[in-house]
Amino acid sequence: MSPERFDIYDDQQHWIGTAPRSEVHAKGYWHRSFHCWIVRDEGEQRQVLFQRRRDVKDTFPGCYDITAAGHLTAGEQLQDASRELEEELGVDVSFNALTYLFTATQQLQGEVRGVPFVDREFSAVYGLCLNQPLEAYVLQPSEVDSLYEVPLDDLLALFRSEIHVIQATGVQTQPSSDHAAYQPERIVREIRATEFVPHGTAYYTDVLEALYHVPKD
């Protein structure tokens, strides 16, 4: 199987070629990604969903992160990248159902299992209101450890440092066998801002404020 390749860019978003994923992260080439945050309305209160990344991920394993996100592979356009919703969460919606929020320019770095990485992305950020319970999502075992929801007000207060911990309700990835008989059990976790992928406080507050304005389902 050939390695996954990304289109790469200069810092002015001019295309300069393609490179394998491992090289993109090793050398810090600019590339494009898709972010989608899902919200759910419960009466007058809006809930926001986020995932916990699998411990085997090559960047920020085990961290809490965007509801669904992914890199654009070579030749892909944004409307193609919305496939991440179906792959990671089992959500089949058209690209036109998403609400564009903004594009973020991010430079993240770290080290995983002794291998350093530099992740430079132009990230198109979208929102989606989807009024279904956590149990209705089908989580991708290779990518998503668990899926959580919390009042949008609470998560915004967390990133504004108005509170220091939130209590989130979640469901975990289904076992690899006997999916039909599996009944997900809800889990409750206390979560701090430092446990999220370090996209930056401004990214999180900008996203969360924008999610109040995503049209209702």
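Entry 1. I looked up the burial of Asp-41 and Arg-46 in this predicted model, and both residues are buried. I then examined their side chains, which meet in a salt bridge with an N to O distance of 2.7 Å. For Asp-41 I noted a relative accessible area of 15%; the cut-off for buried is under 20%, so this residue qualifies.

Entry 2. I placed Asp-41 in strand β3 (residues 30–42) and Lys-216 in the segment after α5 (201–211), so the pair ties together parts that are 175 residues apart in sequence.

Entry 3. I turned to Arg-52 and recorded a salt bridge between its side chain and that of Asp-145 (3.5 Å, N to O). Arg-52 belongs to strand β4 (residues 45–53) and Asp-145 to strand β9 (residues 144–151), so this pair ties together parts that are 93 residues apart in sequence. I read 18% relative accessibility for Arg-52, which counts as buried. Asp-145, at 19%, counts as buried too. Both values fall within the limit of under 20%.

Entry 4. I looked for linked salt bridges and found a network that joins Arg-40, Glu-42, Glu-135, Glu-149 and Arg-186.

Entry 5. Finally, I asked how many salt bridges a search of the whole structure finds. I recorded 17.

Definitions and conventions. Residues numbered from 1 in each chain as written. Predicted model: local features only at pLDDT ≥ 70, side-chain atom pairs only at ≥ 80, totals over all residues. Heavy atoms only, no water. Salt bridge = Lys/Arg side-chain N within 4 Å of Asp/Glu carboxyl O. Buried < 20%, exposed > 50% of the residue type's maximum accessible area, 1.4 Å probe, protein only. Helix = DSSP H or I, 4+ residues; strand = E, 2+ residues; numbered from the N terminus.
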